[in-house]
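Please keep the sequence and the 3D view at hand while reading.

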Amino acid sequence: MILLYNGILVNEGVAEKGFVAIDGNVISQVGTGEPSAQLMAEATELVDVAGDYILPGAIDDQVHFREPGLTHKADIESESRAALVGGVTSFMDMPNTKPQTVTLDALEAKYERAAATSHVNYSFYMGATNDNIDEVKRVDFTKVCGVKAFLGASTGNMLIDKSSSLERLFSEVPAIIAIHSEDEAIIRANVERYRAEYGDDVPVAMHPLIRSAEACYECTARAVDLAVRCGSRLHVLHLSTAKELSLFSTEPLEKKNITAEVCVHHLWFDDSAYATLGARIKCNPAVKTVADRNALRAAVVDGRLDVVATDHAPHLLSEKEGGALKAASGMPLVQYSLMAMLEMARDGVFTPAQVVEKMCHAPARLYRIARRGYLRKGYYADVVVVHCNPEGHVVSDADVVSRCGWTPFVGANMHHSVKRTYVNGELAYCDGVVNEDVRGSRLLFQ
């Protein structure tokens with residue numbers, strides 16, 4: 001039995017001194033204060049964390065690990081390694097790979113690859129298209145996190161835009177339908193407007209005006225209306241605007257059929273950062289105004305936004321060259337997502353307990369993940385120890401574990417770092433060293 005003690009337990013809404021005991025692949029005891037002398041004596045390994053945070057592993061419900069077909073910039077092994085180093089112990093990967101994950105065979109091939117190579121726990125979305133709704137209905141959603149539908153033009157021919165296909169998806173599929181929501185017609189009109197002004201070299205700072213707040217709101221409003229009409233379980237990914245927040249409720253998560261996610265970069269950056277970071281922060285939907293950012297932060301606190309994730313989407317820096325029309329959209333984030341949220345907590349934007357709620361507890365409840373997301377007796381021992389360094393560490397590209405080799409957080413002074421990550425009770429990462437033998441497990445859903 002491993003006993004982590006003398007730490008600050010951040011779990012179930014509180015942050016106080018406590019301990020966690022790990023026996024095999026599960027948590028055997030959790031408590032506040034000091035562990036008993038008997039528990040100390042029974043432990044085969046004592047780990048004094050010396051005041052560091054003890055957290056549940058983060059669960060990221062939106063990543064693009066690029067395998068198969070795009071492995072020159074990332075794969076399941078490399079990006080799950082980055083997740084491990086960042087305290088993310090479970091991920092849910094998107095279907096816009098090559099080939100796209102739109103058949104059961106393609107879906108299971110990704111699970112087989114993850115079983116062999118992933119350092120953390122994993123699940124994969126089934127992708128929806130205009131033509132594969134019958135195939136989607138064959139999925140066993142106790143073993144698959146949900147369905148992904150692109151309602152905007154983010155990934156080419158995965159766009160689902162036929163009303164008959166959308167009606168079938170929303171009314172016939174008994175699973176979480178996670179959507180990318182931007183209006184294609186509005187985006188196209190904006191592209192032509194700015195191309196007429198700038199030619200083909202539109203500055204990257206125009207990206208949030210091309211993929212505008214209006215494009216986000218119009219598409220999300222239609223999706224919410226369709227979900228209400230069909231009684232669907234809708235989850236809107238990566239909200240980026242203040243206006244969209246009016247479409248969501250502050251009710252407790254368990255009472256909602258329609259939920260929303262926000263990503264770390266939309267909480268951290270605003271459009272002033274294009275001047276210094278350029279295409280490094282180009283993503284879809286775009287990073288928008290400081291007013292949008294501040295409204296999103298407030299909605300994390302008041303409950304309109306249910307989970308915080310990353311939309312981790314690595315590209316090579318060479319693919320990020322060019323302006324708003326040419327640079328690839330997306331950025332690597334899993335290594336620094338939890339650290340960035342704790343940094344915002346340090347600055348008073350959130351509390352550490354709110355960070356754990358939105359990155360660990362809420363994803364587990366929203367997706368009904370079996371026995372994960374909390375520090376609880378009998379739950380799988382996905383546990384993270386985070387150190388706070390008062391001086392901080394200035395992030396550089398040299399620190400990046402993701403294969404793409406860069407980060408949008410370059411130059412940021414981060415005061416937190418992951419010291420230890422346990423995955424299913426195994427010490428998978430400790431003080432800069434990855435245990436190459438540890439593999440995660442397939443997530444299961446109740």
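The model is predicted. One of its sheets is open and has three strands, in the order β6-β7-β8, with parallel pairing. Its edge strands are β6 (58–63) and β8 (121–124), each of which pairs on one side only. On average, neighbouring strands of this sheet are turned by 20 degrees against each other, direction ignored. Helix α3 (residues 104–117) packs on the sheet and touches β7 and β8. The direction of α3 makes about 170 degrees with that of β8.

Strand β7 covers residues 88–93 and runs parallel to β6, to which it is joined by four bridges. Across this pairing, Ile-59 stands opposite Ser-90 of β7, and Asp-60 stands opposite Phe-91 of β7. Six of the six residues of β7 are buried, so the strand is largely enclosed by the rest of the structure.

The buried residues of α2 are Ile-76, Ser-78, Glu-79, Ser-80, Ala-82, Ala-83, Leu-84 and Val-85.

What do the buried residues of α2 pack against? Their partners include β7, α3 and β8. They also pack against β16 (413–423), β17 (426–430) and β18 (433–434).

## The six-stranded sheet

Another open sheet has six strands in the order β9-β10-β11-β12-β13-β14, again with parallel pairing. Its edges are β9 (126–127) and β14 (307–309), and each pairs on one side only. Within this sheet, strand β11 (residues 176–180) and strand β12 (residues 233–236) run parallel and are joined by four bridges. Ile-176 stands opposite Arg-233 of β12.

## The packing of α5 and α8

Helix α5 (residues 163–172) packs with helix α8 (residues 213–230) at an angle of about 50 degrees, and their axes are 9 Å apart. The two helices are therefore oblique to each other. The crossing of α5 past α8 is right-handed.

On the α5 side the contact is made by Leu-166, Glu-167, Phe-170 and Ser-171. On the α8 side it is made by Ala-223, Leu-226, Ala-227, Arg-229 and Cys-230. By class, the residues of this contact of α5 with α8 are six nonpolar, one polar and two charged.

Is helix α12 mostly covered or mostly uncovered? Helix α12 (residues 337–346) is mostly covered, with nine of its ten residues buried. These are Ser-337, Leu-338, Met-339, Ala-340, Met-341, Leu-342, Glu-343, Met-344 and Ala-345.

The axes of α12 and α13 come within 9 Å and cross at roughly 145 degrees, in a right-handed crossing. From α12, the residues Ser-337, Leu-338, Met-341, Leu-342 and Ala-345 meet Pro-352, Val-355 and Met-359 of α13. This contact of α12 with α13 has seven nonpolar residues, one polar residue and no charged residues.

Gly-348 lies in the loop between α12 and α13 (352–367). Just after α12, Gly-348 takes a positive phi of about 90 degrees. With 58% relative accessibility, Gly-348 counts as exposed. The C-alpha atoms of Gly-348 and Gly-13 are separated by 16 Å, although these residues are 335 residues apart along the chain.

Most residues other than glycine have a negative phi, and most peptide bonds are trans. His-238 has a positive phi of about 35 degrees although it is not a glycine. His-238 is placed in the loop between β12 and β13 (258–263) and counts as buried at 3% relative accessibility. Asp-311, also not a glycine, has a positive phi of about 55 degrees. Asp-311 is found in the loop between β14 and α12, and is buried with a relative accessible area of 10%.

Pro-285 lies in the loop between α10 (274–277) and α11 (290–302).

Methods:
Residues numbered from 1 in each chain as written. Predicted model: local features only at pLDDT ≥ 70, side-chain atom pairs only at ≥ 80, totals over all residues. Heavy atoms only, no water. Pairing = 2+ DSSP bridges. Axes fitted to C-alpha atoms, helices over the stretch in contact; angles between N-to-C directions. Contact = heavy atoms within 4.5 Å. Parallel < 35°, antiparallel > 145°, perpendicular 65-115°, else oblique. Left-handed = near helix turned anticlockwise from the far one by under 90°. Nonpolar A, V, L, I, M, F, W, Y, C, P; charged D, E, K, R; others polar. Buried < 20%, exposed > 50% of the residue type's maximum accessible area, 1.4 Å probe, protein only.
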